[in-house]
Amino acid sequence: MMDFLPFTFAYPWVLFLLLIVPVLIYLQIRKKSRTGRLIYSVDMPYSQMPKSFRLKTKWLPDVFFYIAIIGVIISLARPQGGFLADPNSGEGIDIIISLDVSSSMLAKDLQPDRLKAAKDIAVKFVKGRPNDRIGLIIFAGESYTLCPLTLDHDMFVKQLKIAEPGFLEDGTAIGDGLGLAVARIKDSQNPSKVIVLLTDGVSTRNTITPEAAADEAAKNQVTVYTIGVGTMGTALMPISKYANNVYDYAQVEVNIDEDVLRMIASKTHGKYFRATDNESLEEIFSDIDKMEKAKIEDVKIVAKPDVYAKFLCVSLFAYLVYIVLNFTWYKKAE
């Protein structure tokens, strides 16, 4: 079921031109009142003389003329109309995925690499939770909001696909990735607020420390599930980059800041997971999928197309009627 929304206008200030219409009507009435009259003698007062239908409705062409003007003005304001879906309510939670996109996420210990494996599993996770509002934060040496909390999961997936190393300055700022996620979710009215933070490294640079970000999450009753991605031992990792995102790879020891990730999970009543392969990462998201749910409501906006052409058609039709009436049936009505 769809509810029709009123028109919105791309250029609402143009609607002030509608004030011209009453001014034109006033000037026209004033002009007619000053028009000279022919005085002649009759036995019956003019006001009592029978009038034809044409004389009684001599104002009709002017009505169509002003409809034409109004239609043009509304068209210039670029009206946009559409529908909104009914509020999509159900059992769900608010989730922000905070995803590490540093160059080390291209390591080959998960297939085809850590980042691609995390993306694929995240997409399955999101599609399996249609009633959850989900957002996306990415971080490397800095953090960035790619997708705010939304029920439009198609938009989320599109934004997730463009998250790649090189989008942000390289590095691992776990505190910034968590801090920005907390800032984006803390004002949610949903009683169940969750952050899934996924990284493969050691926190090397932060505007906000992981400890301070965890404290802020706990203060705002945000549960944080942390995931350390990487096999035990060594992994084939990118060590240098050439043009067109071509990397040299070498076997490098895997170092994950597990103590920090455990601390974050502990402070926020969450849980720390270690994903050493694709299967374990999928199982982790499956576990998170079983979390507590709370009722939320949201509205998904459907595109609102321009509808100025409809008003132009009405305006054109009204003007054509004005011309036909004014130069045929009402030509001698004055």
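What share of the 334 residues in the protein is buried? I looked that up first: buried residues make up 43%, where buried means under 20% relative accessible area, exposed means over 50% and partly exposed lies in between (1.4 Å probe, protein chains only).

A note on what I am working with. This is a predicted model, in which local features need pLDDT of at least 70 and side-chain atom pairs count only at pLDDT 80 or more, while totals for chains, interfaces and linings use all residues. Residues are numbered from 1 along each chain as its sequence is written, and side-chain values use heavy atoms, with hydrogens and water left out.

**Overall count**

I find ten helices and 14 strands in the protein; helices (H or I, at least four residues) and strands (E, at least two) are DSSP runs, numbered from the N terminus. I then checked contacts, meaning heavy atoms within 4.5 Å. Among those between residues at least 6 apart in sequence, 81% join residues at least 24 apart.

**The sheet**

I traced an open sheet of six strands with mixed pairing, in the order β8-β7-β6-β9-β10-β13; two strands pair if DSSP finds at least two bridges between them. At the edges I have β8 (143–150) and β13 (271–275), each with a single partner strand, so one side of each has no neighbour in the sheet. On average, neighbouring strands here are turned by 15 degrees against each other, direction ignored. For such angles, axes are lines fitted to C-alpha atoms, for helices over the stretch in contact, and angles run from 0 to 180 degrees between N-to-C directions.

Next I went through two pairings. β6 and β7 run in the parallel sense over seven bridges, and serine 98 has isoleucine 137 in β7 as its bridge partner. β9 (residues 193–199) and β10 (residues 222–229) also pair in the parallel sense, over seven bridges. There I see valine 196 opposite tyrosine 225 in β10.

How many of the residues of β6 are buried? I get seven of the seven, so β6 is largely enclosed by the rest of the structure. Asp94, Ile96, Ser98 and Asp100 point one way from β6, whereas Ile95, Ile97 and Leu99 point the other way.

Helix α5 (residues 153–161) lies across β6 (94–100), β7 (133–139) and β8, and I have it running at about 165 degrees to β8.

**Cores and α4**

I looked for nonpolar cores, meaning sets of buried Ala, Val, Leu, Ile, Met, Phe, Trp, Tyr and Cys residues joined through side-chain atoms within 4.5 Å. The largest has 38 residues, and Ile97, Leu99 and Ile227 have the most contacts inside it. Helix α4 (residues 114–127) gives the largest share of this core, eight residues. A second, separate core of 28 residues includes Ile195, Ile256, Ile264 and Ala265.

I listed the contacts of leucine 99, leaving aside neighbours within four places in sequence; among them are Met105, Leu115, Ala118, Leu136, Leu160 and Leu198.

α4 is mostly covered, with ten of its 14 residues buried. Arg114, Lys119 and Phe125 are among the buried residues.

**Glutamine 111**

I found glutamine 111 in the loop between β6 and α4. Glutamine 111 is exposed, at 52% relative accessible area. Not counting residues up to four places away in sequence, glutamine 111 touches Ala117 and Asn278. Aspartate 277 is 166 residues from glutamine 111 in sequence, yet they are 7.9 Å apart in space, C-alpha to C-alpha.

**Aromatic pairs**

My search of the whole structure gave six aromatic pairs. Rings of Phe, Tyr and Trp (its six-membered ring) pair if their centres lie within 6.5 Å; planes under 30 degrees apart count as stacked, over 60 as edge-to-face and the rest as tilted.

Phenylalanine 65 and tyrosine 66 are edge-to-face, at 5.4 Å centre to centre and 70 degrees between the planes. Phenylalanine 65 is partly exposed at 27% relative accessibility, whereas tyrosine 66 is buried at 10%.

Tyrosine 144 lies in β8 and phenylalanine 167 in the loop between α5 and α6 (174–185), so the pair ties together parts 23 residues apart in sequence. I note tyrosine 144 as partly exposed at 41% relative accessibility, and phenylalanine 167 as partly exposed at 39%.
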